[in-house]
Amino acid sequence: MLKNTRVTDPELHSIVAAELDRQVHNIEMIASESTAPLEVLELSGSIFTNKTTEGYPGARFQAGSQEADRVESLAIERAKKVFGAEHANLQTYSGSTANYGVFSAILNPGDTVLSMRLDQGGHLTHGSPVNFLSKVYNYVFYGVDPQTEQIDYDALEKRAEETRPKVIIAGASSYPRLIDYERMSKIAKKAGAYLMVDMAHVAGLVAAGVIPSPVPYADFVSSSTTKTFCGPRSGIILCKAEHAKALDKGVFPGTVGSIHLATIAAKAFSLRYAATPEFRAIMEQVVANAKKLAAELTAHGFRIVSGGTDNHIVMVDLRPKGITGKHFQNALEYVGITVNKNMIPFDPEKPFITSGVRIGLTSISQRGLKEAEVIEIAAIMNQVAQAPEDQVNLDACKAKAEALIARFPLYPAGAFED
Ligand SMILES: Cc1ncc(COP(=O)(O)O)c(C=O)c1O
């Protein structure tokens, strides 16, 4: 692995090698993570890194952009095909910059944006006071029903009528349920707003046709290409043909400079891979594993937010177990299971403590773990929660977790041997 760096910068090489070792030996369950195929790793570091180009295929600011045009055009065509979209922009660097690209295309300072509350599932780029955009736009929020813990569409509709936003954002970071895009599109139309769907978390499930697509209903769809999409660390935006010109201008020169062609090449690979039966089977297993984990944890006495899941995320309320999100995250990390503490709806704890954890099933499903292994993971999690201060207990759990994940290689044998 990294055969040149190994010689020229052993210090750096050893850090990367240690990270590989960590990923190999841990049960990675961060919901925004997945394992990039080897082709994505290869292409992300390819020779396209050397090329600077700005503008769009056929209309570049730099000479020597013939191959750049080919790779970006290929990625655009594959994106349109796999998502059934009228237009695609592949130039944004991440899910966050994809959102900025849409905002830049359609909003003016002071415009009103209606989005999901951060503490009930929304994302930092959807109007958090700590994100700089909160100084630019006027954000108003909708949330979930306290009983069902699912989006309260009636209240959302009322809020849209009252606030008349320019855009309504659907999509979230920690929402385990399907979103009714058709209903949200009707609400947006009635309020005279654009509908933007940020599908950063669920793009892989959408591409595989495992959950419904927002593309037919939304004016704009933004996304990361990591998370369930399993691609490089980058972004993508889809839109209706009527918004194509505005979107492209909003992205370049609106928000980005020269494009990351190597990453665009990696995205092109992922967009092809997402259309394969192999990818679909993995995405189906992701959802099956998430449902199994929710059921098993419920049986162990945890409370699952909204009572279950429709996607790759399980949101766990730890209060029945008398442990905070921070404490449980740290105990699980010791054991070799990586999750993150997370606010749950109406959480009485502060964001750095929390009453919950968010668990994602993508990475382990890619590694081949199925329901039988999810049952084992739930049992380990329960054993940790029963006695999180007991070192003997934690060490026993660690041994079980290590033995379990050792049966499922992260990458094929020899993948990183020079
Ligand atoms: C809903 C949502 N949008 C956008 C992002 C940002 O994506 P990125 O980390 O690729 O910038 C995230 C990241 O978690 C997210 O959950």
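Mentor: The dialogue below goes through domains, salt bridges, pockets, cavities and backbone details.

Mentor: This is a predicted model, in which local features need pLDDT of at least 70 and side-chain atom pairs count only at pLDDT 80 or more, while totals for chains, interfaces and linings use all residues. Residues are numbered from 1 along each chain as its sequence is written, and side-chain values use heavy atoms, with hydrogens and water left out.

Trainee: Into which domains is the protein divided?

Mentor: Domain bounds come from an automatic or database domain assignment. Here the division gives domain 1 (41-273) and domain 2 (277-406). Taken over C-alpha atoms, the centres of domain 1 and domain 2 are separated by 28 Å. Contact means heavy atoms within 4.5 Å, and 27 residues from domain 1 and 27 residues from domain 2 take part in it.

Trainee: How much area do domain 1 and domain 2 bury between them?

Mentor: Buried area is the accessible area (1.4 Å probe) that two parts lose on being put together, summed over both. For domain 1 and domain 2 the value is about 2300 Å², with 60% of it on carbon and sulfur atoms. On the domain 1 side, E149, P176 and Y273 lose the most area to domain 2, together 28% of what that side buries.

Trainee: How many salt bridges does the rule find across the interface of domain 1 and domain 2?

Mentor: Side chains of opposite charge can pair when their charged atoms come close. The rule asks for a side-chain nitrogen of Lys or Arg within 4 Å of a carboxyl oxygen of Asp or Glu. Across the interface of domain 1 and domain 2, two salt bridges are found. Elsewhere in the listing, R303 forms a salt bridge with E149, and their closest N and O atoms are 2.8 Å apart.

Trainee: How many salt bridges does a search of the whole structure find?

Mentor: That search finds 25 salt bridges. One of the salt bridges joins the side chains of K190 and E157 at 2.7 Å, N to O. This pair links distant parts of the chain, 33 residues apart, with K190 in helix α7 (residues 181-191) and E157 in helix α6 (residues 153-163). Helices (H or I, at least four residues) and strands (E, at least two) are DSSP runs, numbered from the N terminus.

Trainee: How should I read a pocket, and what is the volume of the largest pocket?

Mentor: Rolling a probe the size of a water molecule over the atoms shows where empty space is left. On a 1 Å grid over the protein atoms alone, a cavity is a set of points where a 1.4 Å probe fits but cannot get out, and a pocket is an open set with protein on both sides within 12 Å along at least five of seven lines; lining residues have an atom within 4 Å of a point. Grid points are joined across faces, edges and corners, and a volume is the space filled by probe spheres set on the points. The largest pocket has a volume of about 960 Å³. Its lining has 33 residues, and Q23, A36, L41, Y411 and F416 are the closest to its centre. At least two residues of that lining come from each of α1 (3-8), α2 (10-25) and α3 (38-44).

Trainee: Which residues lie nearest the centre of the second largest pocket?

Mentor: They are L118, G122, L124, S173 and N342, out of 32 lining residues. Two or more residues of the lining come from α5 (95-106) and from β14 (340-342). The volume of the second largest pocket is about 770 Å³. Domain 1 and domain 2 each supply at least three residues to its lining.

Trainee: Where does the second largest cavity lie?

Mentor: The second largest cavity lies between domain 1 and domain 2, because both give residues to its lining. Its volume is about 70 Å³, and Q120, S174, P176, V305 and P345 lie nearest its centre. The largest cavity has a volume of about 160 Å³.

Trainee: Which peptide bond is cis?

Mentor: The bond from F252 to P253 is cis, with omega near 10 degrees. P253 is in the loop between α9 (244-251) and α10 (261-273).
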